[in-house]
Amino acid sequence: MTEQSELFDKKVECPICKKEFSTKKVKTSRLRLLKRDEDFLNHYSAENPIKYSIFVCPNCGYAASENKFNDIKKDQIGIIIDNISSRWNKRDFGGIRDLDEAIESYKLALLAGTLLKAKKLEQGNICLSLGWLYRLKEEKNEEVRFLKLARDQFIEAYNTESLSGTNMDDSKLSYLIGELSRRLSEKEEALSWFNTCLNLASTRMNPALNDMAREQWRLVKEM
Ligand SMILES: [Zn+2]
């Protein structure tokens, strides 16, 4: 059960309709990490902040991750108004979110990102979070569906996009593609990406990641 005291309200101005709204965030001081899955999902003793990473404007329906919310360009505003706001039934995601509401917020962000032709890495991150939320909800089929969507977008990102200025580098992304492939039971694909990861000079500079890639490679070999 989520306690109100774990959360705080943040005021946000929507870059589309310019109205202000309130959205909840988890107090970082309240975060107690229990464990981390090999694809980087953090589990906490209480509320998981990924449930609140997407801001959704209750007035116009524009949704994006917190760190991308204001990145929208002037000439893209009409795309959101025409395709989302015009058919938006006003809903407020500013309260405590259950897993279903969190999932819905990410699906709205995925739709907005598709319309705005967001980078594959960003769309992949949204799909990965959706896979994680379904894991927390213990819905295996939907988890797998979104992990595959994430993995496929990450492969495109690895091959076609610059990762500079993002939370990813070649080492971490190739590891993650390998790990997601392992979870999808795609043995050859997983081995190939773990090998890619282990052969990068940047991976050898990162002993923790290097060890994880070796360990997960070994798990795949045993599949
Ligand atoms: Zn708005």
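1. The zinc ion is held by four protein donors, Cys14 (SG), Cys17 (SG), Cys57 (SG) and Cys60 (SG), each lying 2.3 Å from the ion. Donors here are N, O and S atoms within 2.8 Å of the metal (3.2 Å for Na, K and Ca); water is not among the atoms, so sites may look incomplete. The model is predicted: local features need pLDDT of at least 70 and side-chain atom pairs pLDDT 80 or more, while totals for chains, interfaces and linings use all residues. Residues are numbered from 1 along each chain as its sequence is written, and side-chain values use heavy atoms, with hydrogens and water left out.

2. The site of the zinc ion is tetrahedral, with angles of 103 to 120° among its four donor atoms (four donors qualify if all angles lie between 85 and 135 degrees).

3. The donor residues follow the spacing C-x2-C-x39-C-x2-C. Cys14 sits in the loop between strand S1 (7-13) and strand S2 (20-26), and Cys60 in the loop between strand S5 (54-56) and strand S6 (63-65), so the pair ties together parts that are 46 residues apart in sequence. Strands (E, at least two residues) and helices (H or I, at least four) are DSSP runs, numbered from the N terminus. Both Cys14 and Cys60 are buried (under 20% relative accessible area; exposed is over 50%, partly exposed in between; 1.4 Å probe, protein chains only).

4. Most residues other than glycine have a negative phi. Phe40, not a glycine, has a positive phi of about 80°. Phe40 is placed in the loop between strand S3 (33-36) and strand S4 (42-44), and counts as buried at 14% relative accessibility.

5. Lys117 likewise has a positive phi, of about 50°, although it is not a glycine. Lys117 lies in the loop between helix H2 (99-115) and helix H3 (120-136), and is exposed, with a relative accessible area of 73%.

Technical notes:
Tetrahedral: all angles 85-135°; square planar, octahedral: opposite > 155°, others 65-115°.
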